[in-house]
Amino acid sequence: MLLGEREQFLSYNGEVLMFQLSKPKHVEGAADKTMNLCVRRMAFNRDTKLFVQKSSGVFSMSASHLKIEIICCSCTTDSRTGIILPCVLMKKKKRNNVVKYLLLLLHSSNQFEKSFHFKLDYELKEDIRLFTGPSVLWRHDNKLFYISANTCKVLSAPVQLSSVVWTGEIEDEGTVVLGVRTACLPESEVEDEFSTSDRAIWGSEFFGYTIETQKILTGTFFMPHAYSRVVSSVYVCKNNMLKKQLRISLVAITHKNQLIWFQDGLPKGVCELPYEKPCSVKTAVTSSNDLLFIVSFASGNTCVVQRRDSLQVASKWQKVKSVLVDDFIGSGNEQLLLLFKDDSNTDVLSTFRITDLGEVDYASDTNYEHDVPAAEGLQENGLLTVQALETRLQAGCTSVRELQQHLGLKKRVILESCRALIDLVEERTHILPTAKEEGLVSLWDDVENPHSLSKETSSASKVPEHFIEKLWQRVVGDSLVVGVKLTESFYLSLRDISLSLVMDQDFSSISPIIKCQNKIIKLNKAFSALTVSSCQIEPPPKKMKLDLHGKNDLKKEFPERLSPLLAFHHVCCIVLLHAKNQKHQTDSLQESKKITVLCGKILLSLEDISNGKYSVKMLRDNSCCTGSIEDILAVLAISVRFSFQIVSSDYTLTRVNSWLLGEMECTPFKECHDNIFCHKAGNMYGTVFKWTLKNPFEGVLTLFCRNLTVLFQCLHSLTRVLPPSCDVKLLRSGSKGVLTEQLALALEKEMLTLRRSFFSKENKAENSLTWGNEPGKKISDAPVASLLDSEEGVQRFRKKLQNEREESVLSMNQTMNGALYQEIALKIAEAQLNSDMIVWRLS
């Protein structure tokens, strides 16, 4: 706002606040001793395309022997409530050259509140700013002064400065004043030589001063000292602390009619301004997510600079009284409100323009009534047009419903085909649904068969309808990662889970070699911890048999290999989930049912890979890695996990965390802070670390890296920062205690499998063999004592004993069919393989 204007404008929550000084209506015989500060709340009406008054308020002040002015107005934070409120700085000048200043807060009820007042023996003219508190800051005789509602006392900063170019909030620093002062060259050689010589040449330097902590910030965080002589105003667009270092993005205007964009203290772009003497700059973010810089000039002109590929002037206007930025039309994005000077009209809001340099453009000199046809014939034609469009819309909705039904039918047919394929693989009888069940009309009479459901179908495991929360895919290097997120209730009812892909094309001519593996990753509900359970590296085989006559045969079969993903120009894969149902019955010998369910399908093409549609995106934002959960899981899926125990007997292990955040340029995942992502350029980019400190002298470092070369580079870099006496030990894939417990459970399962197989064999034999000499006849279960009471009873007991002896011999020599033997042998082999794996991991 221009200093000392009798009329000031301010935007607040989409409204325009007009502050005006006026005298009350004169009453005869009464002395004119008061002055009113009036506020009018104006809102834009989208129907009339004009600003209308919503409400108003008045604040009366004594004006006896005083000259009252509005110095400036702004929106600042009230430290008592944290609410942003409009505030107005008023000046009352007395005859004895004592100047009284009053700061007023405006509440939503249009009531003014006196925040504080102070007196000076001079007038405020240079670099007046309002900021959080509310507080007032100004410059006088190259000194910095400020006062706030908390202190109500004028304070002086222990700094000398020639100008203030910006005042605002900076993360971890509070309110910061950015100014220019005469260069203070250091006596020692500690500071950077380039910075010292730069200040010596230009004779001035930028610096930052924190109001709360009274600390000096280095000006090179904002821009080089060489710009200190030409920059007149600055607007800080973004600031944050990253790795304990201040990162700042700002835009500055210069006396040479330039607008310059600075990133982390370095110039990144420059734009020549169309007018001379730029005095202020502010920003706006439009509906198209464009960042606009609005530059105001002392001549009353205004221009907008757009930042896309480069800085360029997008539009300019002349005779502008004020420029406000807010959401005036209620669209959810910011627009510019330009208030123009109009000598013919006293109401400034009668000549305006609202624009975002895009779709939004309202001007006060546009007659919007011509946009509506007034002729009755046009209205009738419009009604007929609407009716025709409604008919077309209904027909389109009918076509969409029919198409949805057709797609639903195709989906059911594909699903039923997959079920039939699964039943065929698992040697189960598949029964097709009737035409009535599918909503179809049969071309022949369906014959109802009450016995059509086989034992396999009736005993099939029931699967809930909504068990898959999400199916996703990512392409990482030469690997395709496919993930399925299961509902918690469904996951807890399964074990031995794995996925498989069924391709819908024949790739026999290409013969790509694809290495597949499954991993189970568990996330807690807060996404703060990850546990990865993967298929472990298999132990070396005890026996190996190759039936190849020579290496040339192998070359003939697989001449040259493409990357597996590049071998698929366009492919559709059906994702199947295989698992076993957990049994919660008391009978521990009952076998769990194997299930295979359809999760959905994925599409992959060379165009998608080239465009990076499924690529992993790991970006830094506010010292965090913003990759999605799917991106994180994809990186972990293609990585190999290594855990190292680090023990230091003489020094603490604080260097490890500094090494990860510093040299390795790691940032924690936003979704799970325990794991951190390496952004360092080169082979180590993409490595995931997890550092767990058990105590100050012992910790476990877990790495998820692509290959052994990356592992070697990471360890080589780590050894340079560790104390010489550190002991680094590669840990097994599981702790010894956990593996021992797993081995005990595996051996127990192996024993139960053997026992179950024996009873299964005996039960099968009972059903297929006839015992004794008399088929179908059973010996009564009479007590032994009653049998021995008579000679006949003794003979019956002897015969019974002889039969049981023969049955025992037959049971030891019984035979079984090949399918039963194959089933028992497979179960025993699986149990023994699991035990052998754990023993190998323990060895």
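Q: Why is tyrosine 209 called buried?
A: In this predicted model, the relative accessible area of tyrosine 209 is 1%. Buried means under 20%. The value falls under that cut-off, so tyrosine 209 counts as buried.

Q: Which residues is tyrosine 209 in contact with, leaving aside its neighbours within four places in sequence?
A: The partners are Leu144, Tyr146, Ala157, Pro158, Val159, Thr175, Val176, Val177, Gln214, Lys215 and Ile216. Each has heavy atoms within 4.5 Å of tyrosine 209, because that is what contact means. Tyrosine 209 itself is found in strand 15, residues 204-210.

Q: How far apart are tyrosine 209 and valine 176, in sequence and in space?
A: They are 33 residues apart in sequence. From C-alpha to C-alpha, they are 5.5 Å apart.

Q: Why is cysteine 152 called partly exposed?
A: Its relative accessible area is 44%. Buried needs under 20% and exposed needs over 50%. The value lies in between, so cysteine 152 is partly exposed.

Q: What is the phi of cysteine 152, and where is its place?
A: Phi is near 55°, a positive value in a residue other than glycine. Cysteine 152 sits in the loop between strand 11 and strand 12.

Q: What makes aspartate 172 count as exposed?
A: Its relative accessibility is 61%. The cut-off for exposed is over 50%, so aspartate 172 passes. This residue lies in the loop between strand 13 (163-170) and strand 14 (174-182).

Q: Why is helix 7 described as largely enclosed by the rest of the structure?
A: Nine of the 10 residues of helix 7 (residues 629-638) are buried, so the description holds. The buried residues are Ile629, Glu630, Asp631, Ile632, Leu633, Ala634, Val635, Leu636 and Ala637.

Q: What is the order of the open sheet of four strands?
A: The order is 9-10-11-12, with antiparallel pairing.

Q: Why do strand 9 and strand 12 stand at the edges?
A: Strand 9 (126-131) and strand 12 (155-160) each have a single partner strand, so one side of each has no neighbour in the sheet. Neighbouring strands of this sheet are turned by 20° against each other on average, direction ignored.

Q: How do you know that strand 10 and strand 11 pair?
A: Six bridges join strand 10 (residues 135-140) to strand 11 (residues 143-148). A pair needs at least two bridges, so the two strands qualify. They run antiparallel. Valine 136, for one, stands opposite isoleucine 147 in strand 11.

Q: What makes the peptide bond from glycine 133 to proline 134 cis?
A: Its omega is near 0°. Proline 134 is found in the loop between strand 9 and strand 10.

Q: What makes strand 29 and strand 30 a pair?
A: Eight bridges join strand 29 (residues 468-476) to strand 30 (residues 479-486). At least two are required, so they pair. Lysine 470 stands opposite lysine 485 in strand 30. Their hairpin has two residues between the strands, and there glycine 477 takes a positive phi near 65°.

Q: Where does pLDDT stay under 50, and why does that matter for reading the model?
A: It stays under 50 over residues 369-376, for which the model has three contacts beyond four places in sequence. It is also below 50 over residues 507-511, a stretch with seven contacts beyond near neighbours in sequence. Where pLDDT is low, the predicted coordinates should not be read in detail. The protein chain averages a pLDDT of 76, and 74% of the residues score at least 70.

Note on methods
Residues are numbered from 1 along each chain as its sequence is written. This is a predicted model: local features need pLDDT of at least 70, side-chain atom pairs count only at pLDDT 80 or more; totals for chains, interfaces and linings use all residues. Side-chain values use heavy atoms; hydrogens and water are left out. Axes are lines fitted to C-alpha atoms, for helices over the stretch in contact, and angles run from 0 to 180 degrees between N-to-C directions. pLDDT is the predictor's confidence in each residue, from 0 to 100. Buried means under 20% relative accessible area, exposed over 50%, partly exposed in between (1.4 Å probe, protein chains only).
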